[in-house]
Amino acid sequence: MLLDFFQTSLDGLMVGGLYATVALGITLVFGLVGILNFAHGQMVMLGAYIVFFATAAGWGFWFGLALAMVCMALFGLLLERVVFRRTLGNPMAGLAVSLGLIMIIENLAAAAFTPDPRFVDPPLVGSVALGSLVFSSQRLLVLVVAGTLIGAFYLFLQKTQIGKGIRAMAQNRQGAALVGVRITRVTAAIFAAGSALAGAAGALLASLFAITPFMGNTPLMKGFILATLGGLGSVPGAIAAGFLLGLAESFGSRYLSASFRDGYGFILLIATLLFLPNGLFGARTKAKL
Amino acid sequence: MANATDRGAAGEEPIPTGRPRKPIDWRGIAPLSGWLLLLALAIVPIVVDSRYIVYLGTLLALQAALATSLNLIIGYAGQFALSHAAFYGIGAYASALLVSSSGMGFWASVPVAVMIAVTIAIVIGYPALRYTGGIHFALITFAFGELLRLLAANWHDLTGGPQGMQAPYSPEPLLGIDFSTGRGQYLLAAAVLAFSLLVVAAIRASRIGRGLTAIREDEVLAASLGIDVTRSKLFAFVASSALAALAGTAYAPFMGFISPELLNAGESVSMVGVLIVGGMGTLSGPIIGTLLFVAIPELFRIARLYRLVILGAVIVLAVLFMPDGIAGLLKRWLRRFGPPRSSAGEG
Amino acid sequence: MLRAESICHNFGGLEVLRDVSIHIRAGEIVGLIGPNGAGKTTLFNALSGFLNPAHGSIFFEGGDVTGLAPHRLAERGLVRTFQGARVFPRFTVRESLRVATDLPMRRNDAQAAALEGDVLETFGLEEWAEVEARSLPGGMMRILGIAMAMSAGAKMLLLDEPAAGLNDVEVAELQEVIRRAHSRGVTICVIEHNLHFLMGLVQRALVLDAGMLIADGTPYEVTRNPSVIEAFLGGDDIAEG
């Protein structure tokens, strides 16, 4: 019984960590430039495929992970420069554009890669025993890597110049501009960093689950749920919400209905949006005027 | 300007000369000819003897009806509702369930299904619309749509689960029309489209309609002038969702089969895309968008994947460069070539 | 006509309105002045329903309207305008007025059209009737804002910095428009920094500083009030007074 509990918890944390990795990109982009980027999920999908092709080419998983992050960072920069920069004043246009982008990317991928699921051999196989608890090694690894990435990102925000710029923008955009923060550069950095994280999440997902061209939609929705739960624009909020959601799903699937797994998140989202519009941690308040 | 008649010499009977020529009012003619063209297109499936054309026509009519009703909430009220496909599904499932399990006739099930949709729309819409800034609303409707789909896929007893359920019935004959034939189904779909257009046009011309466009332009300003913003938005949302459900009731007997995929958020997104491209805020925009993005690919058998890629690309381009869509573009051309506008133009 | 009692409000711990009580009688033109950041617009937001004050009550024409939504206040005849020429960009002037005349539901189409024509004439907007609001020159935009408020059947107008950024000619036109509205029996309260503009226009001035009401009297009295002078010290507003 206790074993079960820990097992479920670990699963929940692992999944939650992955979700949080995706959510960070979403919450930052929305919090700072007001764009709800639906295409974020596609970065996850592309990251997964990059890892697939990297391992198929014999370059190994870790290289694939790094490659996924770099490629997605570049892709994010490209999108920001070419597309999103034009929609900065108009969040609805940003949303609409990102919907269009999903259609393009997802279906091109489906056409190019075919909808057949692909699989990647995970770098770690087997399991690890801690006392009488048995954990899948790969899942543990994913949890560790996700945690490291989140931690690294947090440090990036605290310590680097650009990271500070991001935080300044999050608090007061005009003020940040006034003190010399280069808004366009920081925005580009946010897109790049968020996309890199999404790519990494995709790579990690690939080591555990099947890869399909449509796999981006679920992490996307979960990412939105987290970003909203945690308060749009709040990094610690997204992280905490990520683990919360992961746990909720894990326990819900284990003890209630498994096939309804995704539904728990949606219920949480709807409930939060209706009753706690600023998320569990109350980040940005919506000004009425 | 010369008089229309000239007096003949010495006060005889006036000799009529030609009336001064008015410049051709393209502005007035173009929309009218557009509607005539649509009417002509609409008649095609009735007279042509091809099952495929009839099938295509029915599909198009339903899609156009969906686009038209979606226009009400997105184009006129300016709120991004991503739950439209879900309400389409609610209409389909509700009426199918009512007909198959309780023996209710089709025509009786329609108003019930629509009322169910109305209730759900109010329950979801009211809290969701309390917030300004449509992002929350977009998210809630998106999540709601997906939630419904999951419910439909998992509630095996009620809905048959992911395999969907059969809808092996047809509407009872009405006005001498047999709705079990392809043509009959087409007429039903066309009627749904016509009804949706009428409702949207009526709303647009009314106080509420003016209020909605005002809200779309600047909702804070609208509020300061006495417009109840939340109530207007809710009205638009409920009306558009109810019309979507209506279309859904026609879908079930047409396809004979409904599955949870009908409620797919991806479908809602496509509908929004069609609207963006065709032009929101006009009556013709949704029709143009549907013709372009459903009819043409269907006719040329372009694979669904590529169809979506192209739609996606056009959406991106449209949002960036053509914010009023194709219909908006046409409107602006006409404005340039026609006499000065007198009042809110027809779209 | 409009009475606010002990209005207090804060934004996350920062007190922006402290125990503000004002009373505006029907038919008056009153000015609301104060240095930047004094809370004038915040007070307007509270009075017009865009903000729910943390404490205090507001009464309009004797009825308690505290906490009512803006559109409800507009229904009762209390309408505000916004800083910076806020209009419906893609509506023509006529369409904009139509939106406003839609308000009191008791009006039918004919009455609405008559009112529209009347407003167009009164405010000198006739020649602009078919022009899109976003194409109007700055001064006309402000006038349109006031015209819309009037078309909505305002009994009392709260004008938020209508003269900001206008040149002298436009300012004079604006003054004329406000006087015309006033002569039709509308009570008016104006926020303005341009004291020169206000002094010729208002009968009474309320002075707000750091969220508190520090003076209430005729323009003459107020400009000689030592606390008012001190509040404005350093600003160049007082030089125009």
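Is the crossing of α3(C) and α5(C) left-handed or right-handed?

1. The crossing of α3(C) and α5(C) is right-handed, the near helix being turned clockwise from the far one by less than a right angle. The model is predicted, so that local features need pLDDT of at least 70 and side-chain atom pairs count only at pLDDT 80 or more, while totals for chains, interfaces and linings use all residues. Residues are numbered from 1 along each chain as its sequence is written, chains are lettered from A and ligands numbered from 1 in the order in which they are written, and side-chain values use heavy atoms, without hydrogens and water.

2. In chain C, helix α3 (residues 93–101) packs against helix α5 (residues 138–151) at an angle of about 35 degrees, and their axes are 7 Å apart. Helices here are DSSP runs of H or I with at least four residues, and strands are runs of E with at least two, numbered from the N terminus; axes are lines fitted to C-alpha atoms, for helices over the stretch in contact, with angles from 0 to 180 degrees between N-to-C directions. The contact (heavy atoms within 4.5 Å) includes Val93(C) and Leu97(C) of α3(C) as well as Leu144(C) and Met148(C) of α5(C).

3. Chain B and chain A bury about 3500 Å² between them, 85% of it from carbon and sulfur atoms; this is the accessible area (1.4 Å probe) that the two parts lose on being put together, summed over both. Ile135(B), His136(B) and Leu139(B) supply 18% of the area that chain B buries against chain A, more than any other three residues. The contact takes 38 residues from chain B and 39 residues from chain A.

4. Between chain B and chain A the count is zero salt bridges, a salt bridge being a side-chain nitrogen of Lys or Arg within 4 Å of a carboxyl oxygen of Asp or Glu. On the side of chain B that touches chain A, α5(B) gives the most, with 14 residues.

5. Over all chains the count comes to 19 salt bridges. Lys222(A) forms one with Glu249(A), where the closest N and O atoms are 2.8 Å apart; the pair links distant parts of the chain, with Lys222(A) in helix α9 and Glu249(A) in helix α10, 27 residues apart.

6. Most residues other than glycine have a negative phi. Asp19(C), which is not a glycine, has a positive phi of about 50 degrees and is found in strand β2 (residues 14–24) of chain C.
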